[in-house]
Amino acid sequence: MVGRATEAARVTGVLEALAAGQGMVVEIAGDPGIGKTGLLGLLASRAAATGARVLRAHAVRDTKIPYQVFRDAWDGHAACGPGGNRAPGLPPFPAPPSPAPAHSDFQVGTEVRSALGQWASARGGVLVLDDLHHCGRQSAALAAQLVRTPVPGPFVLALAHRPRQTGSLLLEALEHGVHAGAVLRVEPDSLDVGEVAALLDHWRANGSAATERSPHASLPVQESISWDGSWEHLGPETYAEQLHAASGGNPRNLRILAAAGWHPDNWPERPGVNPDGLLREASALTAELNALSPDATTAVGVAAVLGDPFLAGDVAEVSGLGLERTLGALGELARGDLIRPSHWGGRFAFRHLVLGHVALEHANPSLRLTARRRALDLLTERRAPAAARARHAEHLLGADGDAALQVLIEGATEAATETPATAARWFRLALDTLPCGERISASRANLALDCCRALTAAGRLREARTLAHDVLGHRFDLPDELRLKAYAVCGDVERLLGRYQEADAVVHAALELLPHPLPEPMPDAPGRLILAYGQVQVWRGTYGRARALVREAARTAGEADQAWGTAVRVLAAFGETYLGDLAKAAPEVTRCARLVDSLPDTVAADMPETLALLGCAEMYLERFVDSYRHLSRGLEATSGGSQKHVLMNQLMGLSILDQWTGRLEDARRRAREAEMLARALGADDGEGLAMTMRAAALIWTRGRRDTAGLVALAQKGVRKTSRGTGWWASSAVGLLAHTQFVGGDPAGCLRTLLEKGGGDELRLVQPPFRPSLLGMLSTAALRCGDTRAARRWAQAAEAAAQQLELPIQLEYVRRSRAALHATDGEHDAVAELFHRSAEGFRRAGMPVQQAWTLVTGARSAQTAQGQDAALTWLDSALEVSLGCGALRIREEAARVRAQVQATRESTVPGASATDQEAPDLLTTREREIAELAAAGKRSREIADQLFVSTRTVETHLSRIYRKLGISSRTALYRALQRMPDADNR
């Protein structure tokens, strides 16, 4: 009874009242399949377990037996009380007098009421009546009488019905009883997403559990479900959300779709891949369809062929029934709640899409074929879109020949963007219909390549690769333009499968076919090949090889209104950003954003990969708002199962943005979705990078005890990515180093960056992120005690940041410089640097880094500004971390707070140096500067020797004088003589 805890509790309350001698009427009302029968069964079984007498029956449609449902219960055909199948203690069911007077129903009701009261008086009784919307007039009148004048004593009358189909007499009695407090109404709600997920988990884990058997199915629903992982790329949460939306949260619909092998890519056009499982689990619905009149049977089959919503006139024309008979049939279907009128346009729709699919599969095959042909003719006359006509044409290929084939190809081309799985199926059907020969025709090659693109967009990359290589095997039979298209399509598929060497080889082999110089305007095929070549080099991390060619193609594209032209311009801008040439990249990214923003949604939907590249370029340039906008727009374009490989990239881009901007739970969720999507696609690089992204997000939201597991997750992700200079590997390495550093393993961070990031200069990491990673190297080295290396990497980080002039990268470098100065004891300057860095992160909308900076700098704030200042910093960090769920920062803040509160001021105001313990007065850096100054070195000479500024030296000297209670360098020499030697401290 998943999702029925509230209703089960109310059933328990009814039985507790029954045990106390109190009876009541219980009404269970709701749509078909919502779980009414299950609740009645729960009530009956629990009542029987308490020792109460229980009678059960369900109403039969169109029966001629008077009081059928009561007679069945009375005669014990469905009795579940103790003592066998007969219901003990009941007299024979009262018979109405003959000839029956007008008040005979009332007289029967009085006798039934009296008999039930006596029968239940001993230990309580329960009468359970199901499907009362089917009962005849006399049964409805008797039920209404028992509702209005309940049986006295410990007796429960439990009724289940569908309000839309129940007669007015019983409905009125129940409504009056509810308002009077005499009827307890229970209306089961639809299952929510969490409850759907719980059912799916249960079915998956307990494939043969009898508790989930459908009462109408010959096999458990679980045995019909294929748990082959074909949907797992969505993740259990997302899959449950989508299946919940498809089923409406109705338990029966959910079971039917699960048994049909439902997949979101095919919905709502198809319910699944297993029509036998669909019909087996939908036996209750097919029973309703079997009870229809011949005209209604024809009308419901034609309506299922037409699809929701449908017009009465269309059903009349396609069915051949004529309008009058059709309206009569539709009236019958509406009274049975199989169809419902729409809110506009005089249209009708099935009660639920699931019912429409069941009706279609249940319809006579000859009726379906005839209806398909007539529906196609009707839509052709109306000049309907090709995709709408292709829905019927695919079923007529063997009957209508070339006409259906042409419609199917047109429909596949039209559907390729929004429903690529459907388009791929139609292209495949067309290819199977066309004749084959030793030489491939241009038309067949074009069709096969279009099918490849649809398969690629649907995420079926291996199928696409096989088909692309089949075409490429006939490349010498093709004209140059079609050969270029074949190379481009094949190169794209190889790239998406992570086979970068093969992708490079395939595309490179076609470069000699390009015209030189590139023509203006450039044809579509050469442009798409150059686009494929540039993308291969981007993911390989060798974009410099394609840079000149891509830039030339972008120049020839100009402002041309071609999808590839916009895409190659965006690729050129992204490439400059990726290489770190931001002076060229920034204005071009701005122009590309303006160009893309001007495109209508229908055009933008054709280029989700372009939106992803543009969003990533803006991310590199720290334009987070624009990046969110374009990545989100691309995400919308890839809904409905299209462009799964692009969806993976968009999810990862949004995950990183979410992490940077403090949406840590969203970052984790998106990374998880991208990881499972990549796994389903067979894209190891994408899966590995998504793993490291998830670990990098979780390192903030989990405590220290989870560190080892998260570092292991990130390491596994790095191992998944291709080795070398590729985009995936370099991104994953940076995220692993971040996870190790935040997790408290600076030595591991150093090893990762130096071994996998390209040595001291981090040559293999992406230039836009190089300053922050060099800064992390500096701080990690500092924590490992290597001050010299820390200084070297800090200077390299500053040089890289100044070259890029990216504000956020400058803040990362400023923070690493502050950490370096802190070891020198320059706490006034250090506190200022940490404060400025935290403010910079705050202005950039990066709360996690803001809070981390405040915690890191709190001890320096204490030394420079006092304990209250340090506690204020920690309070601010705590407040910010609570807002983004950063448990790691809260734990670190608590640790630092304990240190701050346990530390007394190093000096006591008014005390001289001789009153204090000398070794506690000066830091290592202060002692070093003091000794050089006492030896006669000038401030400038000290600064040059220690690689610091003159101002830093003067600041240190002022602090030294204050600590030692002196005012001159002469006194400094004497004070140092009184202090113990540093080596003996």
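Which residues do ring pairs link into a cluster? They're F574, Y578, Y620, F624, W660 and F769. Quick reminder before I go on: this is a predicted model.

Okay, staying with aromatics for a bit. The count of aromatic pairs comes to 16. Let me pick out W74 and F93: their ring centres sit 5.3 Å apart with the planes at 85°, and since anything over 60 degrees goes down as edge-to-face, that's what we call this pair. The pair also links distant parts of the chain, with W74 in helix α3, residues 68–74, and F93 in the loop between α3 and α4, 19 residues apart. Both partners are buried: W74 has a relative accessible area of 5%, and F93 comes in at 11%.

One more ring, this time with a charge: R792 lies over the face of W793, at 5.0 Å from the ring centre.

β6 pairs with β8, residues 347–350, over 2 bridges. If you want to find that on screen, go to F310, whose bridge partner in β8 is F348.

Last stop, D265. Where is D265? Is D265 buried or exposed? Buried, because its relative accessibility is 14% and the cut-off is under 20%. And look across to T419: that's 154 residues away along the chain, yet the C-alpha atoms of D265 and T419 are separated by 7.6 Å.

Definitions and conventions. Residues numbered from 1 in each chain as written. Predicted model: local features only at pLDDT ≥ 70, side-chain atom pairs only at ≥ 80, totals over all residues. Heavy atoms only, no water. Pairing = 2+ DSSP bridges. Helix = DSSP H or I, 4+ residues; strand = E, 2+ residues; numbered from the N terminus. Buried < 20%, exposed > 50% of the residue type's maximum accessible area, 1.4 Å probe, protein only. Phe/Tyr/Trp six-rings, centres within 6.5 Å; stacked < 30°, edge-to-face > 60°. Lys NZ or Arg CZ within 6 Å of the ring centre and 35° of its normal.
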